[in-house]
Amino acid sequence: FIHIVPKLSPGIIFDKSITPNPYRIGLLKKYKSKNHIITSIDEESGLLDESFDDFAKFRYSHETLELASKVFCWGSHDYNTLIDKYSRFKNKFSLTGSPRADLWRPEFDKYYKKNKKEFDYILIPSNFGTIMGHNQFWSLVDKYKKTKVTDRGFNELILFGRFTFQLQLISHFVELTKYINKKFPQFKIVIRPHPIDAVEAWQALVGENENVIITSEGNISKWIRNAKLIIHNGCTTGIESAASKIPTVVFKPINSDFERKNPNKFGMQAETLEQIDLIINNLISGQIYNSFI
(Lines give C-alpha, C1' and ligand atoms only; values in the text may rest on other atoms or scores of the structure.)
Protein backbone atom coordinates (compact mmCIF):
# COMPACT_ATOMS: atom_id res chain seq x y z
CA PHE A 1 0.00 0.00 0.00
CA ILE A 2 2.90 2.35 0.67
CA HIS A 3 3.59 2.36 -3.08
CA ILE A 4 0.03 3.51 -3.86
CA VAL A 5 -0.01 6.47 -1.44
CA PRO A 6 1.95 8.88 -3.69
CA LYS A 7 -0.66 8.37 -6.43
CA LEU A 8 -3.65 9.23 -4.22
CA SER A 9 -5.08 12.72 -3.92
CA PRO A 10 -5.09 14.00 -0.31
CA GLY A 11 -7.94 12.48 1.65
CA ILE A 12 -8.83 10.61 4.84
CA ILE A 13 -6.96 7.41 5.66
CA PHE A 14 -9.00 5.12 7.94
CA ASP A 15 -6.42 2.69 9.29
CA LYS A 16 -6.83 -0.55 11.20
CA SER A 17 -4.22 0.42 13.81
CA ILE A 18 -1.44 2.86 14.61
CA THR A 19 0.90 0.31 16.17
CA PRO A 20 4.28 2.00 16.74
CA ASN A 21 6.57 -0.44 14.96
CA PRO A 22 9.13 0.92 12.47
CA TYR A 23 7.17 -0.12 9.37
CA ARG A 24 3.88 1.36 10.59
CA ILE A 25 5.53 4.62 11.68
CA GLY A 26 7.14 4.94 8.24
CA LEU A 27 3.77 4.38 6.60
CA LEU A 28 2.03 6.99 8.76
CA LYS A 29 4.76 9.51 7.98
CA LYS A 30 4.29 8.78 4.29
CA TYR A 31 0.57 9.48 4.60
CA LYS A 32 1.29 12.71 6.43
CA SER A 33 3.84 13.89 3.89
CA LYS A 34 1.16 13.59 1.19
CA ASN A 35 -1.30 15.67 3.23
CA HIS A 36 -3.59 12.78 4.12
CA ILE A 37 -5.65 12.96 7.31
CA ILE A 38 -4.97 9.86 9.42
CA THR A 39 -7.77 8.24 11.41
CA SER A 40 -7.91 4.81 13.02
CA ILE A 41 -9.87 2.29 15.02
CA ASP A 42 -7.89 -0.69 16.22
CA GLU A 43 -9.15 -3.91 14.69
CA GLU A 44 -8.31 -5.67 17.95
CA SER A 45 -10.57 -4.84 20.86
CA GLY A 46 -8.06 -5.05 23.68
CA LEU A 47 -10.81 -6.82 25.62
CA LEU A 48 -8.89 -10.04 26.23
CA ASP A 49 -7.30 -8.67 29.40
CA GLU A 50 -8.98 -6.95 32.33
CA SER A 51 -6.55 -4.05 32.14
CA PHE A 52 -6.06 -2.11 28.90
CA ASP A 53 -2.64 -0.81 30.04
CA ASP A 54 -0.43 -3.29 28.17
CA PHE A 55 -2.52 -3.02 25.02
CA ALA A 56 -2.26 0.78 25.18
CA LYS A 57 1.55 0.54 25.26
CA PHE A 58 1.68 -2.15 22.58
CA ARG A 59 -0.68 -0.60 20.00
CA TYR A 60 -0.23 3.17 20.55
CA SER A 61 2.54 5.66 21.24
CA HIS A 62 3.08 9.41 21.49
CA GLU A 63 4.77 9.29 18.09
CA THR A 64 1.91 7.60 16.24
CA LEU A 65 -0.71 9.71 18.02
CA GLU A 66 1.15 12.84 16.98
CA LEU A 67 0.72 11.72 13.36
CA ALA A 68 -2.97 10.77 13.70
CA SER A 69 -5.86 13.23 13.65
CA LYS A 70 -8.54 11.05 15.21
CA VAL A 71 -8.66 7.68 17.00
CA PHE A 72 -12.00 5.95 17.52
CA CYS A 73 -12.53 3.75 20.58
CA TRP A 74 -14.50 0.56 21.15
CA GLY A 75 -15.80 1.64 24.56
CA SER A 76 -14.89 2.90 28.00
CA HIS A 77 -12.39 0.04 28.45
CA ASP A 78 -9.97 1.52 25.91
CA TYR A 79 -11.16 5.15 25.92
CA ASN A 80 -10.59 5.81 29.63
CA THR A 81 -7.13 4.26 29.61
CA LEU A 82 -6.02 6.08 26.46
CA ILE A 83 -7.12 9.55 27.56
CA ASP A 84 -5.34 8.97 30.87
CA LYS A 85 -2.12 7.52 29.44
CA TYR A 86 -1.95 9.91 26.47
CA SER A 87 -3.61 12.96 28.03
CA ARG A 88 -1.84 15.35 25.65
CA PHE A 89 -3.90 13.84 22.83
CA LYS A 90 -7.17 13.62 24.78
CA ASN A 91 -9.14 15.47 22.12
CA LYS A 92 -8.04 13.03 19.44
CA PHE A 93 -9.91 10.14 21.06
CA SER A 94 -13.62 9.63 20.34
CA LEU A 95 -15.85 7.13 22.13
CA THR A 96 -17.83 5.87 19.13
CA GLY A 97 -18.04 2.10 19.52
CA SER A 98 -16.80 -0.36 16.93
CA PRO A 99 -18.57 -1.25 13.67
CA ARG A 100 -17.19 -4.76 14.15
CA ALA A 101 -19.17 -5.06 17.39
CA ASP A 102 -22.23 -3.39 15.80
CA LEU A 103 -22.49 -6.40 13.50
CA TRP A 104 -23.03 -8.63 16.53
CA ARG A 105 -26.45 -7.09 17.14
CA PRO A 106 -29.58 -9.26 16.69
CA GLU A 107 -30.92 -7.22 13.76
CA PHE A 108 -28.15 -8.66 11.59
CA ASP A 109 -29.27 -12.26 12.22
CA LYS A 110 -31.17 -12.43 8.94
CA TYR A 111 -28.05 -11.58 6.97
CA TYR A 112 -26.05 -14.38 8.56
CA LYS A 113 -28.87 -16.90 8.36
CA LYS A 114 -28.82 -16.50 4.57
CA ASN A 115 -25.44 -18.20 4.70
CA LYS A 116 -26.63 -21.08 6.88
CA LYS A 117 -24.78 -24.38 6.39
CA GLU A 118 -26.68 -27.55 5.58
CA PHE A 119 -25.32 -29.38 8.62
CA ASP A 120 -25.33 -28.95 12.39
CA TYR A 121 -21.97 -28.08 13.89
CA ILE A 122 -20.11 -27.14 17.03
CA LEU A 123 -17.67 -24.30 16.50
CA ILE A 124 -14.24 -24.27 18.17
CA PRO A 125 -12.44 -20.97 17.47
CA SER A 126 -8.67 -21.00 17.85
CA ASN A 127 -6.81 -18.49 19.98
CA PHE A 128 -3.44 -20.25 20.00
CA GLY A 129 -1.42 -17.91 17.81
CA THR A 130 1.70 -18.08 19.99
CA ILE A 131 2.24 -21.74 19.12
CA MET A 132 0.05 -22.31 16.05
CA GLY A 133 1.09 -19.25 14.08
CA HIS A 134 3.14 -19.25 10.88
CA ASN A 135 6.05 -17.75 12.82
CA GLN A 136 8.04 -20.20 14.92
CA PHE A 137 8.20 -19.28 18.59
CA TRP A 138 11.85 -18.26 18.56
CA SER A 139 11.30 -16.11 15.47
CA LEU A 140 8.33 -14.46 17.18
CA VAL A 141 10.53 -13.48 20.12
CA ASP A 142 13.14 -12.18 17.67
CA LYS A 143 10.49 -10.20 15.77
CA TYR A 144 9.26 -8.56 18.97
CA LYS A 145 12.78 -7.47 19.77
CA LYS A 146 13.46 -6.09 16.30
CA THR A 147 10.18 -4.17 16.18
CA LYS A 148 10.97 -2.74 19.64
CA VAL A 149 7.89 -4.21 21.30
CA THR A 150 10.09 -5.09 24.27
CA ASP A 151 11.09 -1.41 24.56
CA ARG A 152 7.43 -0.55 25.16
CA GLY A 153 7.15 -2.68 28.27
CA PHE A 154 6.19 -6.02 26.70
CA ASN A 155 8.57 -8.33 28.57
CA GLU A 156 9.61 -11.30 26.45
CA LEU A 157 8.96 -13.53 29.47
CA ILE A 158 5.26 -12.91 28.83
CA LEU A 159 5.70 -14.71 25.50
CA PHE A 160 7.32 -17.67 27.25
CA GLY A 161 4.44 -17.80 29.73
CA ARG A 162 1.80 -17.64 27.00
CA PHE A 163 3.62 -20.29 24.98
CA THR A 164 3.71 -22.69 27.95
CA PHE A 165 0.04 -22.10 28.77
CA GLN A 166 -1.15 -22.46 25.18
CA LEU A 167 0.90 -25.60 24.65
CA GLN A 168 -0.79 -27.23 27.63
CA LEU A 169 -4.23 -25.92 26.72
CA ILE A 170 -4.18 -27.00 23.10
CA SER A 171 -3.55 -30.61 24.08
CA HIS A 172 -6.87 -30.53 25.93
CA PHE A 173 -8.64 -28.94 22.95
CA VAL A 174 -7.33 -31.66 20.64
CA GLU A 175 -8.60 -34.25 23.12
CA LEU A 176 -11.91 -32.38 23.28
CA THR A 177 -12.27 -32.45 19.49
CA LYS A 178 -11.69 -36.20 19.36
CA TYR A 179 -14.09 -36.78 22.26
CA ILE A 180 -16.97 -34.82 20.71
CA ASN A 181 -16.36 -36.43 17.33
CA LYS A 182 -16.64 -39.90 18.84
CA LYS A 183 -19.48 -39.23 21.29
CA PHE A 184 -21.67 -36.92 19.18
CA PRO A 185 -21.27 -37.92 15.51
CA GLN A 186 -24.50 -36.06 14.62
CA PHE A 187 -22.53 -32.82 14.88
CA LYS A 188 -19.72 -31.76 12.66
CA ILE A 189 -16.90 -29.92 14.40
CA VAL A 190 -15.73 -26.70 12.77
CA ILE A 191 -12.30 -25.51 13.90
CA ARG A 192 -11.78 -21.91 12.96
CA PRO A 193 -8.05 -21.07 12.95
CA HIS A 194 -7.00 -17.63 14.13
CA PRO A 195 -5.92 -15.41 11.18
CA ILE A 196 -2.27 -15.88 12.20
CA ASP A 197 -2.61 -19.65 12.63
CA ALA A 198 -1.20 -22.09 10.11
CA VAL A 199 -4.14 -24.27 8.97
CA GLU A 200 -1.77 -27.16 8.37
CA ALA A 201 -0.77 -27.04 12.05
CA TRP A 202 -4.34 -27.83 13.06
CA GLN A 203 -4.58 -30.53 10.40
CA ALA A 204 -1.45 -32.17 11.75
CA LEU A 205 -2.70 -32.15 15.36
CA VAL A 206 -6.29 -33.24 14.74
CA GLY A 207 -5.69 -35.57 11.81
CA GLU A 208 -7.88 -36.40 8.85
CA ASN A 209 -11.57 -36.82 9.67
CA GLU A 210 -14.53 -36.06 7.44
CA ASN A 211 -16.54 -34.91 10.45
CA VAL A 212 -13.96 -32.29 11.47
CA ILE A 213 -13.75 -29.20 9.29
CA ILE A 214 -10.74 -26.90 9.63
CA THR A 215 -11.47 -23.75 7.68
CA SER A 216 -10.67 -20.06 7.38
CA GLU A 217 -13.44 -19.59 4.81
CA GLY A 218 -15.67 -16.54 5.14
CA ASN A 219 -16.30 -14.21 8.04
CA ILE A 220 -16.13 -15.64 11.56
CA SER A 221 -19.51 -14.05 12.37
CA LYS A 222 -21.19 -16.29 9.79
CA TRP A 223 -19.86 -19.39 11.53
CA ILE A 224 -20.83 -18.07 14.97
CA ARG A 225 -24.42 -17.18 14.07
CA ASN A 226 -25.19 -20.59 12.58
CA ALA A 227 -23.43 -22.77 15.18
CA LYS A 228 -25.32 -24.95 17.63
CA LEU A 229 -22.64 -24.35 20.25
CA ILE A 230 -19.38 -22.42 20.65
CA ILE A 231 -16.52 -23.81 22.75
CA HIS A 232 -13.58 -21.48 23.38
CA ASN A 233 -10.96 -20.30 25.83
CA GLY A 234 -9.79 -16.69 25.94
CA CYS A 235 -11.14 -15.75 22.52
CA THR A 236 -12.93 -12.58 21.34
CA THR A 237 -15.24 -14.97 19.49
CA GLY A 238 -16.64 -15.95 22.88
CA ILE A 239 -17.66 -12.35 23.54
CA GLU A 240 -19.26 -12.08 20.11
CA SER A 241 -21.15 -15.36 20.43
CA ALA A 242 -22.48 -14.38 23.85
CA ALA A 243 -23.56 -10.99 22.51
CA SER A 244 -25.27 -12.78 19.63
CA LYS A 245 -27.11 -15.11 22.05
CA ILE A 246 -25.46 -18.28 20.75
CA PRO A 247 -24.91 -20.99 23.40
CA THR A 248 -21.30 -20.52 24.51
CA VAL A 249 -19.00 -22.67 26.62
CA VAL A 250 -15.69 -21.66 28.19
CA PHE A 251 -13.55 -24.80 28.38
CA LYS A 252 -11.06 -24.36 31.26
CA PRO A 253 -9.27 -27.68 31.86
CA ILE A 254 -6.25 -25.90 33.42
CA ASN A 255 -5.63 -22.74 35.41
CA SER A 256 -2.94 -20.20 34.58
CA ASP A 257 -1.96 -16.60 35.28
CA PHE A 258 -1.78 -16.25 31.48
CA GLU A 259 -5.46 -17.04 30.95
CA ARG A 260 -7.31 -14.26 29.08
CA LYS A 261 -9.85 -13.68 31.81
CA ASN A 262 -12.22 -11.18 30.20
CA PRO A 263 -13.65 -13.37 27.39
CA ASN A 264 -13.75 -16.30 29.80
CA LYS A 265 -16.47 -14.55 31.78
CA PHE A 266 -18.89 -15.08 28.89
CA GLY A 267 -20.62 -18.43 28.73
CA MET A 268 -21.11 -21.66 30.63
CA GLN A 269 -18.01 -22.85 32.47
CA ALA A 270 -16.68 -26.37 31.88
CA GLU A 271 -13.49 -27.84 33.31
CA THR A 272 -13.88 -31.47 32.25
CA LEU A 273 -15.03 -33.51 29.28
CA GLU A 274 -17.84 -34.86 31.45
CA GLN A 275 -19.19 -31.34 31.91
CA ILE A 276 -18.97 -30.74 28.15
CA ASP A 277 -20.85 -34.01 27.67
CA LEU A 278 -23.66 -32.84 29.96
CA ILE A 279 -23.97 -29.47 28.20
CA ILE A 280 -24.19 -31.05 24.74
CA ASN A 281 -26.76 -33.61 25.92
CA ASN A 282 -28.87 -30.81 27.42
CA LEU A 283 -28.57 -28.94 24.14
CA ILE A 284 -29.79 -32.01 22.24
CA SER A 285 -32.72 -32.51 24.64
CA GLY A 286 -33.91 -28.97 24.03
CA GLN A 287 -32.63 -27.32 27.20
CA ILE A 288 -31.08 -24.45 25.29
CA TYR A 289 -28.66 -22.37 27.29
CA ASN A 290 -28.49 -18.64 26.88
CA SER A 291 -24.96 -17.29 27.11
CA PHE A 292 -24.10 -14.74 29.73
CA ILE A 293 -23.96 -11.12 28.55
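This is a predicted model: local features need pLDDT of at least 70, side-chain atom pairs count only at pLDDT 80 or more; totals for chains, interfaces and linings use all residues.
What order do the strands come in? It's an open sheet of four strands, ordered 1-2-3-4, and the pairing is parallel. On the edges you've got strand 1, residues 12-15, and strand 4, residues 93-95, each pairing on one side only. From one strand to the next, the twist averages 20°.

If you want to zoom in on one pairing, look at strand 3, residues 70-73, running parallel to strand 4, with three bridges joining them. One to click on: Val71 has Phe93 in strand 4 as its bridge partner.

Now, which helices pack on this sheet? Helix 1, residues 22-33, does, and it touches strand 1 and strand 2, the latter being 37-41. The direction of helix 1 makes about 160° with that of strand 1. Then there's helix 4, residues 76-85, which packs on the sheet by touching strand 3 and strand 4. Its direction makes about 155° with that of strand 4.

Moving on to the helix pair. Helix 9 covers residues 156-183 and helix 13 covers 273-284, and their axes come within 11 Å. How do they cross? At roughly 40°, so helix 9 and helix 13 are oblique to each other. The crossing is right-handed.

And who's touching whom? From helix 9 we have Glu175, Leu176, Tyr179, Ile180 and Lys183, and they meet Leu273, Ile276, Asp277 and Ile280 in helix 13. Sorted by class, that contact has six nonpolar residues and three charged ones, with no polar residues.

Technical notes
Residues are numbered from 1 along each chain as its sequence is written. Side-chain values use heavy atoms; hydrogens and water are left out. Two strands pair if DSSP finds at least two bridges between them. Helices (H or I, at least four residues) and strands (E, at least two) are DSSP runs, numbered from the N terminus. Axes are lines fitted to C-alpha atoms, for helices over the stretch in contact, and angles run from 0 to 180 degrees between N-to-C directions. Contact means heavy atoms within 4.5 Å. Angles under 35 degrees count as roughly parallel, over 145 as roughly antiparallel, 65 to 115 as roughly perpendicular and the rest as oblique. A crossing is left-handed if the near helix is turned anticlockwise from the far one by less than a right angle, and right-handed if clockwise. Ala, Val, Leu, Ile, Met, Phe, Trp, Tyr, Cys and Pro count as nonpolar, Asp, Glu, Lys and Arg as charged, and the others, Gly among them, as polar.
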